[in-house]
Amino acid sequence: MLTEDGKHLYVSYDEYHGLIEKLAIKIHQSGWEFDTILCLARGGLRPGDILSRIFDKPLAIMSTSSYRAEAGTVQGHLDIGRFIATPKGDISGRVLLVDDLADSGATLKAVIAMLKTNYAPITELRSAVIWTKGVSTFEPDYSVDFLGTNPWIHQPFEGYDTLNPEKLAEKWKV
């Protein structure tokens with residue numbers, strides 16, 4: 001649900017999963033065949049996992065991080081993992097790069113540049129996200145929702161950001 005002022009988008013689990021399913025349909029209807037899904041952790045983990053199951057393709061994972069300040073709401077220095085975790089040797093062929101959103105576009109641009117420079121076995125690379133914000137300087141190949149008002153997206157699992165084992169034990173009385 002988008003707030004009246006357009007500054008916040010609250011997404012339920014059902015909406016979140018529905019958007020990933022719509023993303024899968026867009027990718028399928030494009031007719032593009034790919035060999036591997038490469039998701040960017042953390043935001044791309046959940047969409048990557050679900051798309052990997054739907055398309056029955058191996059899931060590779062690359063760790064990236066840029067949102068650290070102000071409880072994860074301010075973009076900082078971009079860190080890109082040096083290695084890709086993949087179940088089948090090196091990543092190669094046609095790769096679908098998955099993240100949750102194209103916010104500024106900086107992460108996706110940097111990762112794609114790094115992949116093109118350092119992973120010659122990748123023959124084709126396309127990108128897929130759930131949301132593309134109006135301020136993004138990157139246009140993904142596949143996206144479900146365009147957010148022109150650039151809201152902060154409150155994803156359904158963000159409650160875990162402030163949860164710790166002690167709070168869980170208190171919640172479950174164990």
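Author: The model is predicted.

Reader: Within what arc do the buried residues of H4 fall, seen down its axis?

Author: The buried residues of H4 are Thr107, Leu108, Val111, Ile112, Met114 and Leu115. They line one face of the helix, because, seen down the axis of H4, they fall within an arc of 165°.

Reader: How far apart are the end C-alpha atoms of helix H4?

Author: Helix H4 comprises 13 residues, 106–118. At 1.5 Å a residue it should span 18 Å, and the distance between its end C-alpha atoms agrees: 18 Å.

Reader: How many of the residues of strand E2 are buried?

Author: Thr36, Leu38 and Leu40 point one way from E2, while Ile37, Cys39 and Ala41 point the other way, and all are buried. Strand E2, residues 36–41, is thus mostly covered, and the number buried is six of six.

Reader: Which residue in E5 is the bridge partner of isoleucine 37?

Author: Strands E2 and E5 (residues 93–98) run parallel and are joined by four bridges. In E5, the partner of isoleucine 37 is leucine 96.

Reader: Which element gives the largest share of the largest nonpolar core?

Author: This core has 26 residues, of which Ile27, Leu51, Leu96 and Trp131 touch the most other members. At least two residues each come from H1 (13–30), E2, H2 (45–55), E5, E7 (122–133) and E8 (142–147). The largest share, six residues, is that of H1.

Key. Residues numbered from 1 in each chain as written. Predicted model: local features only at pLDDT ≥ 70, side-chain atom pairs only at ≥ 80, totals over all residues. Heavy atoms only, no water. Expected span 1.5 Å × (residues − 1). Buried < 20%, exposed > 50% of the residue type's maximum accessible area, 1.4 Å probe, protein only. Arc of directions from axis to C-beta. Pairing = 2+ DSSP bridges. Core = buried A, V, L, I, M, F, W, Y, C linked by side-chain atoms within 4.5 Å.
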